[in-house]
Amino acid sequence: MPHSDFDTLHPHADRLRSTPIARLIAEDLHRPRDFALRVGPLYASFARQHYDRAAVDALFALGERADLPEAVRRLFDGHPVNVTEGRAALHTALRGDLSDSAIARDASAQARAARARMATLVDSIRASGVTDVVSVGIGGSDLGPRLVADALADGDAGLRVHFVSNVDGNAVRRTLESLDPARTAAILISKTFGTQETLLNGTVVRDWLGGHAGRDGGRIYAVSANVARAAAFGIEENRILPMWDWVGGRYSLWSAVGFPIALAIGMDGFERLLAGAAEMDAHVLSAPLRGNLAVCHALTAIWNRNALHAAAQAVLPYDERLRLLPNYLQQLVMESLGKSVRLDGGALAGHTVPVWWGGAGTDTQHSFFQALHQGTQIVPADFIGVIRADHAHEDNHAALLANLLAQTEAFANGQASDDPHRAYAGNRPSTLLLLDALTPESLGALIAMYEHSVYLQSVLWGINAFDQFGVELGKQVANKLLPALQGDAEVDDPVTRALLAEIRDRAWG
Ligand code: F6P
C-alpha cells in the first residue's frame, strides 16, 4: 500500500489537533465501551487514543483497501510473505492447525513431531538430577524464551533456567560462577548455528561443562535449522531439536526454541502458552476488521506514526513478571518493521516504525515518566496490566493497579495550572491492555496479538516484516576488524585505525 493512501488520514489529524483526547471522551458517552474489545483473557481499551469515530472510519477504510483479511489468510496458508527470501512465515502453524493448505498442514505436523521429541528430552533432563540449565542464544533465539521463562517460572518446581546472550565475557562468567557443572545442562539455540555470540559463549559453556558435555551422558543440547553445524560442534544428533526456514527467529518461541520455557514451566505450561496464542490466531483469522484486536492495534500504530507523526512508542507493563516484554517487543517490532524500502525495492514516501522502548511500572514512573508527562515530544504508550495478583500482598496490588489507571488518565487528561512548570498538557495517547491473570494462555495470546499487529502494520506500509538485512553490515565489519584487534592487521578506515591504536596502547601498554 503506497504511503499516499495515508493522505486520507491527514484531514482528520488536522481537525483533531485542536480537540484534545479529554474532550473527545467527554463528548462521546459510549466511547469507553465502543472503543474497547475483549478476546479471551485479554481486554483492550483504545478509548484514550487521539482519534474520533470519523478518523477510525478512515483507518478501517485503509484496512479494507489493503485487504487485511486476505493478507492474514496468506500468512496462515504459508504463502511466501517473506518475499526477499522467498519464504513463508508459518509461526501460526507452530501452535495450531487453522489452515487447510498443504504447506501449513505439513508445517504443523513437523512442529508436533518436534514437540514430541522435546517432551522426551524435557522428561529426561528433569529426571537426571540436573538443577540448572544454561540457555545460550541471542536475538530471536533468546528474547522470547527469556521473557516467557522470566514471566511464568515463578514458584514453579521446574528447573532453574539461565540465559546467556551477550558476547561480553562478563555475561557468561557471571552466569557460570554460581553453577555446578555436575548439575547443569546447556542448550545452544541458533537457527543458523553460525552466530558469533552463540558460538563463542557456547564454546565457553561446553569447556566449562568438561566431561559432562561429552558424548556419553552428555548434557549439551541444541536447537537449530543447521543440524550439521550443531553436530560438528560436538552435539549428538539425538540432542538436536529442529528449526525451519519457514519460521523467523523473532517469531520462533513457539518452536523448539521454547525448549528453555518447557524446562522452566513444564511441557504442559508450554502447551498452554501455545493454546493461548492459537486462540488469538483464531480470533485474528476470523474476526471482522472492526472487531479484530490485532487490526485495531495495527491501525492505531499507523495513526500515531503517519497521522500524528509520533517518533517513539512506549510499552509499559505494570507487572514485574512482564519486565522483559519491552526488550522482546523491541526485536519483534523494530527488526520486523525498521525498513525504508517497499516490497518491490522502491523507496517509501513516509515513515515506518517509531522507536519502541519502555520498562515496568511503577519503577519507570520514577525514571522517565517526567518526560512522558511534560516533555516536548508526545510518546504514545501501550500500558499492560494484570487484574488478578498471584501473591498475598493485596495492598501492593491495589496500589499497582491504582498507579496504572492513574497514569493512563493523567496522560490523557492532563491538569491545568497557572504555573506553567506545574501544568500538564495531557493529550498523551495510550492503549490499555488488561490480562485477567498472568497465565501461559494469556501471555501466549498477548504475544500473538503483537505478532499479528506487526505483520498487519507491514502490510499497511507495504514492507517485508520477515527479513533483517539491516543487521548484516555491522557483523561483516566486526568480522573484518577482529583480526586487527587480535593481531596487527591493518584497517582502511582512518577513524577506526586511530581508535584501534588507542585501544592497543591502553590494553597492552
Ligand atoms: O539479529 C540478527 C539475527 O539474525 C536475528 O534475526 C536472530 O534472531 C538472531 O540474529 C540470532 O540468529 P541465530 O538464531 O541464527 O543464532
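Strand E6 (residues 220-224) is largely enclosed by the rest of the structure, because five of its five residues are buried. The model is predicted.

- E6 pairs with strand E5 (residues 184-189) in the parallel sense, over four bridges.
- In that pairing, Tyr-221 of E6 stands opposite Ile-187.
- E6 also runs parallel to strand E7 (residues 240-242), to which three bridges join it.
- Here Ser-224 stands opposite Pro-242 of E7.
- A right-handed β-α-β unit is made by E6, helix H10 (residues 227-232) and E7.

- Strand E3 (residues 132-136) and E5 run parallel and are joined by five bridges.
- Val-134 has Ala-186 in E5 as its bridge partner.
- Strands of a sheet pair through backbone hydrogen bonds, either parallel or antiparallel.

**Domains**

- The domain assignment of the protein chain gives three entries: domain 1 (3-65 + 287-414 + 422-467), domain 2 (120-271) and domain 3 (472-508).
- Taken over C-alpha atoms, the centres of domain 1 and domain 3 are separated by 42 Å.

**Ligand shell**

- The ligand is surrounded by 14 residues, of which the closest are Gly-139, Gly-140, Ser-190, Thr-195 and Gly-249.
- Sorted by class, the shell holds nine polar, three charged and two nonpolar residues.

**Loop residues with positive phi**

- Asp-67 has a phi near 50°, a positive value in a residue other than glycine.
- Asp-67 lies in the loop between helix H4 (53-65) and helix H5 (68-77).
- Asp-67 counts as partly exposed because it has 13 C-beta neighbours inside 10 Å.
- His-309 is not a glycine either, yet its phi is positive, at about 60°.
- The loop that holds His-309 runs between helix H12 (293-307) and strand E8 (312-318).
- His-309 has 12 other C-beta atoms within 10 Å and is therefore exposed.
- The two labels follow from the cut-off, since a residue is exposed with 12 or fewer such atoms and partly exposed between that and the buried class.

**A cis peptide bond**

- The peptide bond that joins Gly-361 and Thr-362 is cis, with omega about 10°.
- Thr-362 is placed in the loop between strand E9 (355-358) and helix H14 (369-374).

**Arg-17**

- Arg-17 sits in the loop between helix H1 (10-16) and helix H2 (21-27).
- Arg-17 counts as exposed because it has 11 C-beta neighbours inside 10 Å.
- Arg-17 and Leu-179 are 162 residues apart along the chain, and their C-alpha atoms are separated by 57 Å.

Technical notes
Residues numbered from 1 in each chain as written. Predicted model: local features only at pLDDT ≥ 70, side-chain atom pairs only at ≥ 80, totals over all residues. Buried ≥ 20, exposed ≤ 12 C-beta atoms within 10 Å, placed from the backbone. Helix = DSSP H or I, 4+ residues; strand = E, 2+ residues; numbered from the N terminus. Pairing = 2+ DSSP bridges. Right-handed = clockwise from strand over helix to strand, strands pointing away. Domains from an automatic or database assignment. Near = placed C-beta within 6 Å. Nonpolar A, V, L, I, M, F, W, Y, C, P; charged D, E, K, R; others polar.
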